[in-house]
Amino acid sequence: MEEKLMDLKISGSSTMPGGKYDSVKISGSGKINGDVICSEFKVSGSGALRGSLETITGKVSGSASIQGNIKCGDFKFSGSASVGGNLEGGNIHTSGSTKVEGRVKGKSLNVSGSMKIGEGIYVNDIDICGSLKSGGDCEGERFISQGGFNIRGLLTADVIDIGLAGDCYAKEIGGEKIIIKRVRNNGGFLRYILSLVNINNGVLNTELIEGDYVEVNYTRCNIIRGKKVVVGKGSVIDKVEYTDEIIIENGGVVKEEVKVQ
């Protein structure tokens, strides 16, 4: 017979023990001591979990601190949240301010607020229109950005499409198709994001770009390696190594060109 689990609701100010629950909801100021396993986890007030969390769905629209790891199906952060360990899930979305001390793994990551990750990012689909910082590598199948990012390690994906809305940095970039350009102001939330930075100063800085097709604008890079390389407006590249074709247009600068057999 399936175990029937109780709900845990905190609407005032109290401290409760960890354990297995069906639904966990904090709308007041609540603390939970110990690990929690549940089907639903919601914080709309101020919540602190002194342990790890395993849940099918999660949502933080207030302020939450999770001391350990989070393992989840889908999770939405629209308030302020900190995770002391790793965040592993299916679809992860943050429109607030989220800090993860460890690594992030999942199916998709959508950042329309700000997110800071201490270690690496290992997510299939990454979509950024806010701000992302990573202390390690960022690996996926698809990386789309119309915001700002600072990746201290390798950024790698099959498809990388970067619309610069401010200065961006990745130590190295690798993929099959890589396109770097300045984002256009299309209004709405993107208009607000762009109002926080100076779009005229949006530049990508990196040490190395390597891919089959590489097209760069407003990029500063030591070395680009690719089959077909297009260097466009606002770009200064120290060296390009190409196998098929190089195109330099709209005032792009390449200091050294090497055709590789």
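Here is a short talk about a few residues of this structure.

Visitor: What kind of model is this, and how are residues numbered?
Guide: This is a predicted model: local features need pLDDT of at least 70, side-chain atom pairs count only at pLDDT 80 or more, and totals for chains, interfaces and linings use all residues. Residues are numbered from 1 along each chain as its sequence is written, and side-chain values use heavy atoms, with hydrogens and water left out.

Visitor: Why is serine 23 called buried?
Guide: Buried means under 20% relative accessible area (exposed is over 50%, partly exposed in between; 1.4 Å probe, protein chains only). Serine 23 has 7%, so it is buried.

Visitor: What makes serine 23 and glutamate 40 a polar contact?
Guide: Their side chains are joined at 2.9 Å. A polar contact is a pair of N or O atoms within 3.5 Å; within protein, one must be able to donate a hydrogen and the other to accept it, and residues adjacent in sequence count only if both atoms are side-chain atoms.

Visitor: Why is isoleucine 126 called buried?
Guide: Its relative accessible area is 1%, so isoleucine 126 is buried.

Visitor: How far apart are isoleucine 126 and isoleucine 144?
Guide: They are 18 residues apart in sequence and 6.1 Å apart in space, C-alpha to C-alpha. Isoleucine 126 also touches isoleucine 144 (contact means heavy atoms within 4.5 Å).

Visitor: What makes a nonpolar core?
Guide: Buried Ala, Val, Leu, Ile, Met, Phe, Trp, Tyr and Cys residues, joined through side-chain atoms within 4.5 Å. The largest one has 62 residues; Phe143, Phe149 and Leu155 have the most contacts inside it. Phenylalanine 149 touches both Phe143 and Leu155, among others.

Terms used:
Lists of a residue's contacts leave out its neighbours within four places in sequence.
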